[in-house]
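Subject: Structure handover

Hello,

Here is the structure you were expecting. Please open it alongside this email, and then read on for what turned up.

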Amino acid sequence: MSESPDITEIRRAVQALCAEFPGEYWREKDQTRAYPGEFVDALTKAGFLAALIPEAYGGSGLKLDAAAVIMEEIQAAGCNGASAHAQMYIMNTLLRYGSEEQKQEYLPRIATGELRLQAFGVSEPTSGTDTLSLRTVAVRDGDEYVINGQKIWTSRAEYSDLMMLLARTTPREEVASKTEGLSIFLVDMRKVVGNGMTIKPIRTMMNHSTTEVFFDDMRIPASALIGEESKGFRYILSGMNAERILIAAECIGDAKWFIKKASDYASERNVFGRAIGQNQGVQFPIARCYAQMCAAELMVHHSAQVFDAGGNPGAEANMAKLLASEASWAAADMCVQTHGGFGFAEEYDVERKFREARLYTVAPISTNLILSYLAEHVLGLPRSY
Ligand SMILES: Cc1cc2nc3c(=O)[nH]c(=O)nc-3n(C[C@H](O)[C@H](O)[C@H](O)COP(=O)(O)OP(=O)(O)OC[C@H]3O[C@@H](n4cnc5c(N)ncnc54)[C@H](O)[C@@H]3O)c2cc1C
């Protein structure tokens, strides 16, 4: 695919940074389930996590398509962008709907790395897919909101200063449209951890720093509200398109990593006196994954371009995420198969990337829900839920 010199330069710069964080670094973090703080700091220092922040607030004011390239290259280098990706897409809600005062207060400090905006509190134990049934409530009390409830899978909460939180401000029975009644808050976690907010880590199959977060009469200033009360669901929807596009780009990077790793290994590994890659039974799965990845990559850039042009890429972002997550998972499986027994050995990094890549057909939105979106909203089939 041809691309502008600026994008090629971004690729080179991310590759150079990632070269400082080789497989041993990630293996050690994975084994101890430790947060890759050094990597996140290096990304921040180089300005990559402020890619979407306008220059007026200290960022580089890049388009989403360029931000997608950053995430893709991180994954293609064998690194794990899940440690930092939320900062890019959460930003979108603040950028589009935050007040000038909120932007002035937070964006420059996020851009310098003084503050981390890494936590996105949407999913709850009883509402992952069904966001509109969430139960965390925020009740106005004078100049404050009082928040009670629980979130789950709030990744990076222990390593973030700020959390974008979705909570119900009007009971579901009292709203005219079911998408109303939810509000978005930018919570300064430094003031509430241990004082109404409790964070409990959840160990998962990969190193993801995810947590449960409990709110017990947590008080935050009313000025933490983003935009208008009750319109929060609408605000996060456009952020979710950005999230899906960036995660799809990460999947493309993962697929590229698996394909390269498998191609290299298949060329080097000799069995029966010749390279295993000489056998079409080994070549074809690699070539098929490459074709699948290239098709998905086109959809990722197309959806980012629709987003950057100010359009609403609901269908495109969903399709990009669907196709890219399936392409990366197919490539992960192929890579293990190509490596035979060595695919299971930690020192090859294949099993680690395999575990990390598994997430993306489930989160941030599962394949079934994307298919049901396309069936209903694009193809006009009857609503299923
Ligand atoms: C490691 C990790 C990190 C995450 N990080 C965050 C985060 O930072 N912030 C955050 O808010 N959330 C986060 N999530 C949550 C994630 O977005 C949800 O797990 C995801 O949306 C699915 O919700 P659920 O787990 O409740 O599954 P459920 O909603 O319980 O669904 C279970 C399965 O049933 C299927 N299903 C459900 N309803 C239907 C239907 N009507 N038709 C067909 N199939 C259906 C789903 O596709 C899914 O496969 C994270 C999750 C994980 C595992």
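A word on domains before anything else: their bounds come from an automatic or database domain assignment. On that basis the protein splits into domain 1 (5-116), domain 2 (118-231) and domain 3 (234-378). Keep in mind that this is a predicted model.

Domains 2 and 3

The C-alpha centres of domain 2 and domain 3 are 31 Å apart. Nine residues from domain 2 and seven residues from domain 3 make up the contact. On the domain 2 side, the touching residues are five nonpolar, three polar and one charged.

The ligand

Where does the ligand lie relative to domain 2 and domain 3? Both domains give residues to the shell around the ligand, so it lies between them. The ligand is surrounded by 23 residues. Val122, Gly128, Thr129, Trp153 and Ser366 are the closest. Two elements, β1 (117-121) and α11 (367-378), each supply at least two residues of this shell. The largest share, three residues, comes from α11. Sorted by class, the shell holds ten nonpolar and 13 polar residues. It has no charged residues.

Strands

Now look at β2 (residues 137-141) and β3 (residues 144-152). They pair in the antiparallel sense, over five bridges. Val137 has Asn148 in β3 as its bridge partner. The two strands form a hairpin, with two residues between them. Gly142 sits in the turn and has a positive phi of about 65°. β3 also runs antiparallel to β7 (residues 210-221), and eight bridges join them. In that pairing, Lys151 stands opposite Val213 in β7.

Helix α4

Is α4 (residues 64-76) largely enclosed or open? Twelve of its 13 residues are buried, so α4 is largely enclosed by the rest of the structure. Among the buried residues are Leu64, Val69, Met71 and Ile74. Asp65, Glu72 and Glu73 are buried too. Just after α4 comes Gly78, with a positive phi of about 90°.

Tyr57

Tyr57 is in the loop between α3 (37-45) and α4. How many C-beta neighbours does Tyr57 have inside 10 Å? The count is 18, so Tyr57 is partly exposed; a buried residue would need 20 or more. Leaving out residues up to four places away in sequence, Tyr57 touches Lys103, Leu107, Pro108 and Ala111. Glu105 is 48 residues from Tyr57 along the chain, yet their C-alpha atoms are separated by 9.6 Å.

Helix α9

One more helix to check is α9 (residues 314-339). It has 26 residues and reaches 38 Å from its first C-alpha to its last. That is close to the 38 Å expected at 1.5 Å a residue. α9 is mostly covered, with 20 of its 26 residues buried.

Best wishes

Definitions and conventions. Residues are numbered from 1 along each chain as its sequence is written. This is a predicted model: local features need pLDDT of at least 70, side-chain atom pairs count only at pLDDT 80 or more; totals for chains, interfaces and linings use all residues. A residue is near a molecule or strand if its C-beta atom, placed from the backbone, lies within 6 Å of it. Helices (H or I, at least four residues) and strands (E, at least two) are DSSP runs, numbered from the N terminus. Ala, Val, Leu, Ile, Met, Phe, Trp, Tyr, Cys and Pro count as nonpolar, Asp, Glu, Lys and Arg as charged, and the others, Gly among them, as polar. Two residues are in contact if their C-beta atoms, placed from the backbone, lie within 7 Å. Two strands pair if DSSP finds at least two bridges between them. The expected span of a helix is 1.5 Å times one less than its number of residues.
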